[in-house]
Amino acid sequence: MTGKTLYEKLWDSHVVRTESDQTALLYIDRHLVHEVTSPQAFEGLRLAGRKPWRTSSIVATADHNTPTSDWAKGIIDPISRLQVETLDANISVFGARAYYPFRDSRQGIVHVIGPENGATLPGMTVVCGDSHTSTHGAFACLAVGIGTSEVEHVLATQCLLQKKAKTFLIRVNGNLKSNISAKDVILNIIGHIGTAAGTGYAIEFSGSVIGQLSMEGRMTICNMAIEAGARSGIIAVDDKTIDYLEGRPMSPIGDQWELAKASWRKLHSDESAVFDKVIDINGEAITPQVTWGTSPQMVSSIAGSTPDPSLEKNPILKESLDNALAYMGLEPNTRIIDIPLDKVFIGSCTNSRIEDLREAAKVVTGRQVAKSIKHAMVVPGSGLVKKQAELEGLDQIFQDAGFDWREPGCSMCLAMNDDKLQSGERCASTSNRNFEGRQGSGGRTHLVSPAMAAAAAIAGHFVDVRDDYFQ
Amino acid sequence: MEKFIRITGLVAPLDRANVDTDAIIPKQYLKSINKSGFGVNLFDAWRYLDNGEPGVNLNSRPINPEFILNKQEYFGSTILIARDNFGCGSSREHAPWALVDYGFRVVIAPSFADIFYNNSLKNGLLPVALSSQIVDSIFKEIAATPGYSLTVDLDGKFVETGSRERYSFEIDAFRRDCLLKGLDDIGITLGYSDEIKEFEMKQKLEQPWLYQ
């Protein structure tokens, strides 16, 4: 008999009912809520006279709009402030299992605080009105980003209407070379398969490289599954998953912990499971990656150059290369190491966890941010990450080097608060999207790992973090 | 939700692949707590020559005459056509809200990002996937035909050109039914409350830690 994939196990265990066209009503265990995609959903409930089905499933925080400096001043932008206060009011009226509001010691990016508080547990279905919800798949959760209508639907019914996705296995084999990070792995994968390869699929990541990654690294991988077009990315449970969760505030304890562990151990694809699509990636060949264009698939090795559109035969692809180079202010065949930078951003739900900050701090220790860099900032993913980093003295290392050490939040990943690029500014960023205007109108974003961003800040341009100088 | 059965309308050609939701509606406009009013900022960075901010007087903003929606021949379009992977990126439902608020009822493309596709259907905006070849031929016909319009028939699941050529498209039966009748998902799902409660009771026995 054919076994099941991990996705199928998670799916089958959450189907409440199925329509004749196979649209399923899927039960949702954890609903993460933030200020940007929830106000219209709560308003919808209110107008219809409905209540949340199960408030104990809700964990909420304010992260997208919140400032990352001068917290004592509050939120100065009145439109942002109203949105954050609207969340405060909605949670106070409707209730939640946990709420980490602006300035709370556990506040932070929703995809960082879920796992660190044990709100994300293996086998759960997890939703959030945010496409990077795929992050939680690192814990063998079926985690999908949803729109605001779906937020309202989950609030009101505890269910989501979904069609089953096809399954896509990406095996990353061999061993990573030293100083290659999870970010390089996922950027390399997206470079190979493109940003639409995962559309309609749930991607499972496996292979020796994934097994060797920490939970933080696995979250980075699943976080960017959406950048490959897949609404969810998942990774099987192993000892690292269980060790990470033990003792977290919302993790089960005592007998429940033992029961849960036994159940979680089954959360892997069966040997005989059949996937709709499988690809193998050679982990040994992965080098430090830098995006040069306006889509995450426009990525190069640090040793490479920008492309030459005149060599592209397909007119639509040629035009997109031309548009991207023009927007980025780059000439064809420019070496990546010759691209100078204005700003550096270390943060976001992709790379703002303690391990990311440690990797960046290691590169920065005893060095100085280049004079040509206008601003280099480190934005921890949560209050707890910030506190841990300060205990380890990382804040001092960053500040001694000339980095700005900030309060937690989404910050310049999407620039909804005051942290943004000015038009024409070029930034090395550990975030997840290099779309036009993503970090500020006219801003130019290059996606890299935390170590590569740190090295670029020191050099003032992209540089291979494996160079002798940094070792 | 407004019903969608059949429309005939002017088609605006947006000749780009990977049109992401940041391009459809930039993040500075996501601070609103309302569902309406996003249409004036649809494709903001392409439509205007300055950097837009919420609350700025639109009349004082310089428009980009090169952008397709600023060309007089496409004023009043209700159908947008674009290239592959339309709506990729963020889950913001503000993207379909902005398209609908502007006046679009249909987006045609060879492929759509999953979350955008779902979000559109919940707002009476019909995403129609046609093959790259058909989309390409429609782009060519638009360029050659001033005032080019199409009929999109959800009931019959086809797109019809002015020359009576028909292209059929696929859509889930459940979604199609909801759109044709303008049904509210939540009302339908709450009709299955007993089944949801039954599921919860069973799950609570098997995985009690999920209910702490």
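A:Phe403 is buried, with a relative accessible area of 4%, where buried means under 20% relative accessible area, exposed over 50% and partly exposed in between (1.4 Å probe, protein chains only). This is a predicted model, in which local features need pLDDT of at least 70, side-chain atom pairs count only at pLDDT 80 or more, and totals for chains, interfaces and linings use all residues. Residues are numbered from 1 along each chain as its sequence is written, chains are lettered from A and ligands numbered from 1 in the order in which they are written, and side-chain values use heavy atoms, with hydrogens and water left out.

**Aromatic pairs**

- Over all chains there are 20 aromatic pairs, a pair being two rings of Phe, Tyr or Trp (its six-membered ring) with centres within 6.5 Å, called stacked if the planes are under 30 degrees apart, edge-to-face if over 60 and tilted for the rest.
- One of them joins A:Phe398 and A:Phe403 edge-to-face, at 5.4 Å centre to centre and with 75 degrees between the planes, and A:Phe398 is buried at 0% relative accessible area.
- In chain B, the rings of B:Phe86 and B:Phe116 have centres 5.3 Å apart and planes at 70 degrees, so this pair is also edge-to-face.
- B:Phe86 is buried at 0% relative accessibility, and B:Phe116 is buried at 2%.
- B:Phe86, B:Phe112, B:Phe116 and B:Tyr117 form one aromatic cluster.

**Charges over rings**

- The charged end of B:Arg83 sits over the ring of B:Phe139, 4.1 Å from its centre, the criterion being NZ of Lys or CZ of Arg within 6 Å of the ring centre and within 35 degrees of the ring normal.
- A:Arg367 lies over the face of A:Tyr469, 4.7 Å from the ring centre.
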